[in-house]
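Visitor: Please take me through one part of this model in close detail. I would like to follow the strand pairing and what surrounds it.

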There are 2 protein chains.
Amino acid sequence: MSDDSLWDVVIIGGGPAGLAAALSAARDRYRTLVLEKNGLPGGQIMLTDRVENYPGIVKIGGFELIEEQKKQATSFGAEIAANQACTSLARRDDGILDVEVNGGEKTHQARAVILAPGSDYRRLGVAGEDEMRQATRVSYCATCDGAFYRDKHVLCVGGGNTAVEDTIYLATRFCKKVTIIHRRKEFRAQEVLVEELYKAAGEHDIDVKLPYVVEEIVANADKTDLDHVLIKNVEAGQVEQLKVDGVFIFVGMNPNTGFLKGAVTIDDAGYIACDPVTLKTSMPGVFVAGDCRQLAAMQLATACADGVVAAMGLKSHYRDPAGWEKKAPGDSPAQGW
Amino acid sequence: MSDDSLWDVVIIGGGPAGLAAALSAARDRYRTLVLEKNGLPGGQIMLTDRVENYPGIVKIGGFELIEEQKKQATSFGAEIAANQACTSLARRDDGILDVEVNGGEKTHQARAVILAPGSDYRRLGVAGEDEMRQATRVSYCATCDGAFYRDKHVLCVGGGNTAVEDTIYLATRFCKKVTIIHRRKEFRAQEVLVEELYKAAGEHDIDVKLPYVVEEIVANADKTDLDHVLIKNVEAGQVEQLKVDGVFIFVGMNPNTGFLKGAVTIDDAGYIACDPVTLKTSMPGVFVAGDCRQLAAMQLATACADGVVAAMGLKSHYRDPAGWEKKAPGDSPAQGW
């Protein structure tokens, strides 16, 4: 970082949302610092080799997308600092925000903060999971990756609403066959969805196996592709080999918001509460963007748009720091506030 | 169009929001038709030669961006029909939506509709305006184009909140000098903004000229760049020549929603009312995306994200067409609904 003086805005998280916010803020000539907890910015999208659903880019890898976003943000003057895990956030009486990193190793001062720490998909934690995710044969998002499995056979893992809903989605829209397993004898999804699953199973090739868990995700000999999955019947104990083209894991998400407890309002599931239009959080001067916020659509395009929206809020915040609860002024109605 | 049977979704408007919606819907294998009123899709962004604020793309022209978006949407099976101006929208008792085009020349049937007709910036209607817009010397959006005028002198035109606010924004963040003119002797912006304008004029080079109008925007000899602007003092009648590097016109917007009056709820300014999270309108089965909706952020990234969000809503709508008022089901809280 160029110096330790007051930043106009500190952005916590260097994924697509954070870097989009940095681009917008830096274009507005705000002194902008992005804090990335890992050694490289990017977040979850870095684990994706193939993005085909981002408007305006026919095909790109996650790594390449982040490279572009970094280039954009820094070309307008934003600074990006790696290995800076935010460990606490506090607001002084004068409105200055203290952003502590690495447990007190350093504290950055800012006039505004944009929270973009993201969420992580919960992993099963089985052998082969990470390698096959990198090879785009393990996914955690049907909306993102369903289209890659037309006329294929996939395994879905999980028992909640998302697991059941996205099994139906994959089976009815893309796949030749879907096998769904869950570790318990009953799904915990809403009954209406479970009914719909069994109804869909009458018309499409859906195999429901309960109670089953994944033992291992096994690559082929040269480790470039998925060969099969080992699943275990929890009651009987026996292990079966399942030949599938891909694995969708729907066992929940962990928003990376633990360090914010007590600072901004966070809901029971760990997502940051906000005004869905302005993305203001409960703490004056602090905005939120991306997968860590309540009601996020959890898509690349929406995360980037969140970053843009959060940065647009800076203008009215700097003008009127005491007016946090107000909507920004503007011709009625507040278009493009 | 391939045939006249029922479409899963008809998207009204072929700009960035509509094409992003088409990409998402077509990826989900919905039979998707985009209706574009003009001979070519694209909308307002087609008038922009230089986009540098779209996350993930360092630099692109509006035309090229639309080409990419068209390629994406059609590669997944979406169809795009040009010269199809929607003239009315109605919902039958059975929930099917009738989309009439060109005053009854044809009616398309759809299970769902995404409204993305956009908004047009109000033009002054003076000579040279359109040519210099194409040459990126006339702009209607400070957030979009302010960064192109670092250390330059620009003329701002208008007297409302946006005009005053964005004059301050341009003068304090980018420009060497800003001249603002308005046709009346007083601004109609909120007083707090007018006070702030005069305060900023004490610290930055801001020249306020009232009451003045633009007579003509004059190109250089080879028509490639702006030479000067002719402005007229409305009271005295004399015309002055003003040398500037660019012109920002802030005289309001016209959402293209006239054909929807009586169909969906539209506010006094003409914007389509919606739930800001799900983008549902007042008519079951009809979503909205982009600059035509209430509280739109009016940015390319947010318009595209709107398209993605509106298309994501199709899944729950098709499952439960009667449940329009409900949020989509999902693990609590409704992330990635």
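Predicted model: local features only at pLDDT ≥ 70, side-chain atom pairs only at ≥ 80, totals over all residues.

Guide: Two strands pair if DSSP finds at least two bridges between them.

In S2(A), A:Val34 is the bridge partner of A:Ile11. That contact belongs to the pairing of strand S1 (residues 7–12) of chain A with S2(A), which is parallel and has four bridges. Between the two strands the chain passes through H1(A), and this β-α-β crossover from S1(A) to S2(A) is right-handed.

S2(A) also pairs with strand S3 (residues 79–81) of chain A, in the parallel sense and over three bridges. Here A:Leu33 stands opposite A:Glu79 in S3(A).

Now look at the two faces of S2(A). Both are covered. A:Thr32 and A:Val34 are buried on one side, and A:Leu33 and A:Leu35 are buried on the other.

Step back into the loop between H1 and S2 of chain A, where A:Arg29 is found. A:Arg29 is not a glycine, yet its phi is positive, at about 65°. Its relative accessibility is 33%, so A:Arg29 counts as partly exposed.

Next comes A:Tyr30. The aromatic pairs over all chains number 13. In one of them, the ring centres of A:Tyr30 and A:Tyr318 are 4.9 Å apart and the planes meet at 65°, so the pair is edge-to-face. The cut-off for that class is over 60 degrees. This pair links distant parts of the chain. A:Tyr30 sits in the loop between helix H1 (16–27) and strand S2 (32–35) of chain A, while A:Tyr318 is in helix H7 (residues 300–319) of chain A, 288 residues apart. A:Tyr30 and A:Tyr318 are both buried.

The charged end of A:Arg111 sits over the ring of A:Tyr318, 4.1 Å from the ring centre.

Follow H7(A) back to the loop that joins strand S17 (286–288) to H7 of chain A, and you reach A:Leu295. A:Leu295 also has a positive phi of about 65° without being a glycine. With 27% relative accessibility, A:Leu295 counts as partly exposed.

Elsewhere in chain A, one aromatic cluster is formed by A:Tyr149, A:Phe248 and A:Phe250. There is also a cis peptide bond between A:Leu210 and A:Pro211, with omega at about -15°. A:Pro211 is placed in the loop between strand S11 (206–209) and strand S12 (212–219) of chain A.

Chain B can be laid on chain A by a turn of 180° and a shift of 0.0 Å along the axis, with an RMSD of 0.0 Å. The two copies are thus related as by a two-fold rotation axis. In chain B, the C-alpha nearest the axis belongs to B:Ala305, 3.1 Å away from it.

Strand S13 (residues 226–233) of chain B and S14(B) are joined by four bridges. In S14(B), B:Leu242 is the bridge partner of B:Val229.

How values were computed:
Residues numbered from 1 in each chain as written. Chains lettered and ligands numbered in written order. Heavy atoms only, no water. Phe/Tyr/Trp six-rings, centres within 6.5 Å; stacked < 30°, edge-to-face > 60°. Buried < 20%, exposed > 50% of the residue type's maximum accessible area, 1.4 Å probe, protein only. Lys NZ or Arg CZ within 6 Å of the ring centre and 35° of its normal. Right-handed = clockwise from strand over helix to strand, strands pointing away. Least-squares fit on C-alpha atoms with pLDDT ≥ 70 in both.
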